[in-house]
Amino acid sequence: RRFDWLANALCRVAKFESVLDAGCGLGALSREFIKRGIHTTSIDVASVALAALSVEQPHPLAVRASLEAIPFRTGAVEAVVCCDVLEHIPVFDIADAVRELVRVSRRWLLLTINTRHVYRYHPTILSRDSWTALFLATGAVVERREEAAELHQLAVHCYPEYEFFVFGKQTL
């Protein structure tokens, strides 16, 4: 139910026909995008997660990869969705992960990042302003505050732990 809600919310604020589910885990969100007819590519560093996803029919393109080295061309997908993943990456790999997420997106970056819950599996807890600055420092995206605020309003009653970040690619 949670991933059905999240897919609906993300599709409501950003229209896209192709998506990269970056750090897909067992693929619950990927499956929701597929149900909506969205061309879905999924990556995760854990091969066991991808194995679970790959037995699904129809399954998305599932690739074992880290966020620091995404094996796709620049602008490969219209939207990159990365939910509850970045806080799990060691701080020394964050800049590379941010650059890669921005690079493969053609239009949207839709993120949820934990900015408050410190524990051993969250080695990188940064403030909202710090995360925003990292993405803006790429020079390739702009913050989409209205869309992030809309997602926050949708989530505040049912999933208040979500911290939404929405970025749009710069057009030259």
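1. Starting with helix 4, which spans residues 94-104: in this predicted model, its buried residues are Ile94, Ala97, Val98, Glu100, Leu101, Val102 and Val104. Note that a glutamate, Glu100, is on that buried list. What do the buried residues of helix 4 pack against? The partners are strand 1 (18-22), strand 4 (77-83), strand 5, helix 5, strand 6 (141-143) and strand 7.

2. The helix 5 side of that packing is worth a look. The axes of helix 4 and helix 5 are 9 Å apart, and the packing angle is about 60°. That angle makes helix 4 oblique to helix 5. As for handedness, helix 4 and helix 5 make a right-handed crossing. Helix 4 brings Ile94, Val98, Leu101 and Val102 to the contact, while helix 5 supplies Trp131, Leu134 and Phe135. By class, the contact of helix 4 with helix 5 holds 7 nonpolar residues, no polar and no charged ones.

3. Next, helix 6, residues 145-155. Which of its residues are buried? They are Glu147, Ala148, Leu151 and Ala155. Those residues sit on the same side of helix 6, because the arc they cover around the axis is only 100°. On helix 6, the face turned away from the buried side carries Arg145, Glu146 and Gln153, which are exposed.

4. What lies over the buried residues of helix 6? The cover includes helix 1 (2-13), strand 5 (105-112), helix 5 (128-136) and strand 7 (164-169). Strand 5, helix 5 and strand 7 also turn up among the partners of the buried residues of helix 4.

5. On the helix 1 side the contact uses Trp5, Ala9, Leu10, Arg12 and Val13; on the helix 6 side it uses Glu147, Glu150, Leu151, Leu154 and Ala155. Sorted by class, the contact of helix 1 with helix 6 has 7 nonpolar, no polar and 3 charged residues. Two of the names here, Glu147 and Leu151, are also among the buried residues of helix 6.

6. Ala9 counts as buried, at 4% relative accessibility. Beyond its neighbours within four places in sequence, Ala9 is in contact with Leu151 and Leu154. For scale, Ala9 and Val45 are 36 residues apart along the chain, and 26 Å separates their C-alpha atoms.

7. Helix 1 has another helix partner in helix 2, residues 28-35. Here the axes are 9 Å apart and the packing angle is about 55°. Helix 1 and helix 2 are therefore oblique to each other, and their crossing is right-handed. Phe3, Asp4, Leu6, Ala7, Leu10 and Cys11 of helix 1 meet Ala28, Leu29, Glu32 and Phe33 of helix 2. The class count for the contact of helix 1 with helix 2 is 8 nonpolar, no polar and 2 charged. Leu10 is named in this contact as well as in the one with helix 6.

8. Now a backbone detail at Asp84. Where is Asp84? Asp84 sits in the loop between strand 4 and helix 4. Most residues other than glycine have a negative phi. Asp84, although not a glycine, has a positive phi of about 55°. Is Asp84 buried, exposed or partly exposed? Its relative accessible area is 33%, so Asp84 is partly exposed.

9. Asp84 is also one of the contacts of Thr112, a residue in strand 5. Thr112 counts as buried at 1% relative accessibility. Setting aside residues up to four places away in sequence, Thr112 touches Cys82, Cys83, Asp84, Val85, Glu87, Tyr162, Glu163 and Phe164.

10. Last, a loop residue: Val118 lies between strand 5 and helix 5. Is Val118 buried or exposed? Val118 counts as exposed, with 61% relative accessibility. Its C-alpha is 22 Å from that of Asp44, a residue 74 places away in sequence.

Technical notes: Residues are numbered from 1 along each chain as its sequence is written. This is a predicted model: local features need pLDDT of at least 70, side-chain atom pairs count only at pLDDT 80 or more; totals for chains, interfaces and linings use all residues. Side-chain values use heavy atoms; hydrogens and water are left out. Buried means under 20% relative accessible area, exposed over 50%, partly exposed in between (1.4 Å probe, protein chains only). Helices (H or I, at least four residues) and strands (E, at least two) are DSSP runs, numbered from the N terminus. The arc is that of the directions from the helix axis to the C-beta atoms. Contact means heavy atoms within 4.5 Å. Ala, Val, Leu, Ile, Met, Phe, Trp, Tyr, Cys and Pro count as nonpolar, Asp, Glu, Lys and Arg as charged, and the others, Gly among them, as polar. Axes are lines fitted to C-alpha atoms, for helices over the stretch in contact, and angles run from 0 to 180 degrees between N-to-C directions. Angles under 35 degrees count as roughly parallel, over 145 as roughly antiparallel, 65 to 115 as roughly perpendicular and the rest as oblique. A crossing is left-handed if the near helix is turned anticlockwise from the far one by less than a right angle, and right-handed if clockwise.
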